[in-house]
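Visitor: I would like a close look at one part of this model, the place where the two chains meet. Please take it step by step.

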Amino acid sequence: MFREHPSRTLNHRLPGRANSAVTRLTMLTVTPMIVLTMIMLSRVTLAFASDERNPLAGDAKSAKAGEYQFRINCALCHGLGAHGGGRGPDLTRAHKKHTHSDAEMFQVISNGIPGTAMPANGTNGQGVGMTDKEIWQIIAYIRSQELKAPSKPAGNTSHGKELFYGDANCSLCHMVEGKGGRLGPDLTAVGGSRTREAIIDSVRNPSRRLAWGLTEATKEFPQEYQSVTVVTADGKQIKGVTLNEDSFSVQVMDTTEQIHLLEKDKLRSFEKSRQSAMPKYGPDLLSDKDLEDIVAYLTTVGAK
Amino acid sequence: MVLFLACVAFANEVYAQVTFERLVNSAKEPQNWMTYSGDYSGKRFSALDQIKLSNVQTVVPKWVYQTGATGKLETTPLVVEGILYATAQDNRAFALDARTGRPLWMYQRQLPGDIRPCCGRVNRGVAILGDKIFLGTLDAHVIALDAKTGNLLWDVVAADYRTGYSFTVSPLAVKNLVVVGVSGGEYGVRGFIDAYDSATGERKWRLWTVPGPGEPGHESWEGDSWKVGGAPAWNTGTYDPATNQIFWPTGNPAPSNRGEGRAGDNLYSNSLLALNADTGKMNWYFQYTKHDEHDWDATQVPVMIDANGKHLIAQADRNGFFYVIDRTTGKLISATAYGKTTWSDKKDAEGRPVANNQASPTLAGRTVCPGALGTTNFMAPTYDPQTSLFYVTARDQCDTFSTAPQPYEAGHAYYGSAYFPSEEAEPYQGFLKAIDPTTGQIKWKFEHTSPTWSGVLSTAGGLVFSGDAEGNFIAFDAASGKPVWHFQMGGAVYAAPIAFGVAGKEYVAIAAGSAIYAFGLP
C-alpha cells in the first residue's frame, strides 16, 4: 500500500480559521493540507498498535534530531519552538485535542487529520515524506518541549461568552457553535487550533494577517478574507468580503450577509483591500482582561 | 492554411512512423505536436493560425478526458496523426482520439510501494520515435510502449529508486536515442543524464552531472560531498540539429538549502550543459547559480532563439534572472532580473549575478527573494517568433530560510534547511510576463489572482495561452497581454498547453485538475 496525494474534494470553508491566524504560506503546505479520505491504514499504523510507545522516548539525541526534522516538516504551521503559529496549534500543551499517546501522535503525523489543515506525511506535493524513525524523533522532540500539566485559561469563561454575544459584538460577524454572524470566520474550533497569542493578535491587529476562507482542492493558495468595495454598472455600491475570486468573477458577501455573484468586466469599479473588515480592537475598546475572558471562552469551546 | 489542410488530410489516412527527420523538420507539420516543447528549439510555438485574435472569443470546449488520477497533473500531451499521447500521476500513460477524447489504450505501471518522488507522483509526458512511446518512471526505469496498443516493449533500470532516484521528466527523442534526466535532488542522489537506444533500451551514454575524481569540475566540491551532490536534470532540454548538441539544464546541489559541507561552486548543479548528442560528452557549461543554498534548480526549458545574427539560448531562471547565452560558445550575453530578487546586487566579470552576503540561510532565518519556489519553476515558457517576445509564468514571493542540519542517509530526504513564508513580505503575486530577449525588458505583464504553475503556449494566431490556479484557461493578445477569452476548467493548472490539428481543424489542449481539455472553434 502506498501513500497517495490527499483527496482534494473539500470545498467548503474550513472551520476554525482565526481572523489572524494565517499569513501566506509556501507551496510546502498549502493545498495539500487538506486531507480527507486518506484514512487508509498505512503499513506504518499497522505496525504500531495504539499502545505502542516511542522507541526513542527520552533520548536527548533523538529529540535534537527531531528538532531539525520539526523545523523542516512542522514548524511552518506549528512554529519554530512548537509553540504554535498562525496556522497550527501549540504542541507544547499538555493536552492536545487530537492526540494523547505516542501512537496517536504517530498516526496523526502519518495520516493527517481529515477536514483540517494537518496533512498526511509525504502528501503535500512539495518535498518528501518522513521515515518512521524521523517521525519518532519528532515525537521525542515534542515530548521534550511539552508542559507536564495543563495550564488553566487565565480568563473567565462565562464572562467571555457574555462579551462574545454581547458588548464586544463578536457574534455580529462570527459564529460559535451555530450561533452568530456570517461575515467573518466561524470561531467554534479556533480555541483548539490556535494559540492564545494568535487569537489575541488577531483581535488587536485584524489586518496583520487576514484569515483564510475557502480552500479549493487543487489550488495552492486559499481565499483570504479580503475587504472589497465594488460599484455595479447601475451605480450600486457593495461593501463586504470576498468569498472567492478569480481573474474574471468575484463572489462577495456584503455587510448585510447578502451574497453577490459578480462579473468583473461588468463592474464600474472593483477595489480590494487588505484592511480587514473587522475593526481593530484596541485596549480602549476591549480591555486586556475582557479579551482574556473571550479567549478563555473560545479555548473552552475549542477544546470540546 | 492550404498546405496545412492538405497535410492533415493526407496524414489522417496513412499512419506514418515518427522519424528523427520529421522531428527535425517539425515546422513542416504544425498539425502535429511531437516533442515536449513542440519542436527541438523549445519555443512551444504553434504555427497554426485558425484560432486567432479575431475569432478566439468563439472558442468552445471540444472534449474532456478524465484521468482518474489525483494530485498535480503536469503532463504535456503529444499529438501525431490525430492521436494524443499523455500521462498522469503514478505513471499512467494513454492514447486518445484527439478529435473526441476517446481512449485507444491505457497503461499504468505497477509501482513499488516505497518509491521516493520529491514533489508529487507526477510526470510531464512521453516522447515518441518510430512507433514507440517512451516514459521515465517514478521507480527510475525507462520504458518503451507500443504507440498503437500501449504494450510494454522494453523496460530498463536506470538507477536504484531506493536511494532516491526517480523520473518525472518528459524524455527527448534525438536520432535513435531517448534522452532522460533524473530526479532526486531532495535525496542527495548523484545526478545524471542518460541516452538509451530507442530500439532496444540499451544505454548508449551517461553524463554524470556531478563529476567524479579526476574529472574537470570535481574540485568544486568539498571532500566527499560530490557523492551526494544532487544536480538532477528533471526537465526536458532542447536540441540543435545544426551542431548536434543537446542543451540540458540541471537542478540544485544537495542538500538543497545548506551550503555548509559542500564548499565550492558545486559543478554542474544549476547549470546549462551543452552535450554532444551521440556521445553525451560535454562541450561547454554555464552555471546560473553557483553554490546554491535556496533550491533554485536551473531546470527551465533552455529556449533556442536567433536574434541579431546570433544563435542564442534564452532561459528564465528560477533564481529570478533572465539569461541570454551564446549557444555556440556558452558565453553569457545578458542577465536581467524579471521578478523580485534580493539575493544578488552585483555581477561578476562575465556578467553573472553573484550572491551578496545577505543570501545564505541562518539558524534564526533570513528572508530572501525569490523564495524556494523561485521566480519561475518547471512551467514551460514560450517564444513567439512573430512578436519576438519570450513569455513566462512568474511569481514574486520571498521566503525565510532557516538551517536545519541533518545527516545524509541513503534514500532519506536531505534538505539541510527549512523555509517559511516571510512574515514581512508583501502578499505573493503571480504573473504572466512578456520579455524582450534582446533587452531583458518586460514588455507587458498580466497579474493573476494568485500565482500559477501553468506553462505558456504562443500561436501564429497572435495569441498566448496559459492557465491559472483558479482553473481558468486563458487566451491573451500576444502583443498587449489583454485576456481575450477564458474558460473555467474547475481545477488548477500545473501543466503547459499545446496546439494541434486534426482533419483541418485547430485545437488547443491543456491538463487541469484531473483531466485533459481540448478546445476549438464551434
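How many residues does the contact take from chain A and from chain B?

Guide: The contact takes 40 residues from chain A and 52 residues from chain B, where contact means heavy atoms within 4.5 Å. This is a predicted model, in which local features need pLDDT of at least 70 and side-chain atom pairs count only at pLDDT 80 or more, while totals for chains, interfaces and linings use all residues. Residues are numbered from 1 along each chain as its sequence is written, chains are lettered from A and ligands numbered from 1 in the order in which they are written, and side-chain values use heavy atoms, with hydrogens and water left out.

The size of an interface is often given as the accessible area lost when the parts come together. Between them, chain A and chain B bury about 3,900 Å², and 57% of it is on carbon and sulfur atoms. Buried area here is the accessible area (1.4 Å probe) that two parts lose on being put together, summed over both.

Side chains of opposite charge can pair when their charged atoms come close. Across the interface of chain A and chain B the rule finds two salt bridges; a salt bridge is a side-chain nitrogen of Lys or Arg within 4 Å of a carboxyl oxygen of Asp or Glu. One of them joins Glu220(A) to Arg395(B), with the closest N and O atoms 2.8 Å apart.

On the side of chain A that touches chain B, the elements that give two or more residues are α2 (60-73), α3 (75-78) and α5 (132-145) of chain A. Of these, α2(A) gives the most, with four residues. Helices (H or I, at least four residues) and strands (E, at least two) are DSSP runs, numbered from the N terminus. By class, this side of chain A has 13 nonpolar, twelve polar and 15 charged residues. Ala, Val, Leu, Ile, Met, Phe, Trp, Tyr, Cys and Pro count as nonpolar, Asp, Glu, Lys and Arg as charged, and the others, Gly among them, as polar.

Lys64(A) forms a salt bridge with Glu67(A), their closest N and O atoms being 3.1 Å apart. Over all chains, a search of the whole structure finds 38 salt bridges.

A few backbone features of chain B complete the account. Most residues other than glycine have a negative phi, and most peptide bonds are trans. Glu81(B), not a glycine, has a positive phi of about 50°, and is found in the loop between β3 (78-80) and β4 (83-88) of chain B. A cis peptide bond joins Leu267(B) and Tyr268(B), with omega about 0°.
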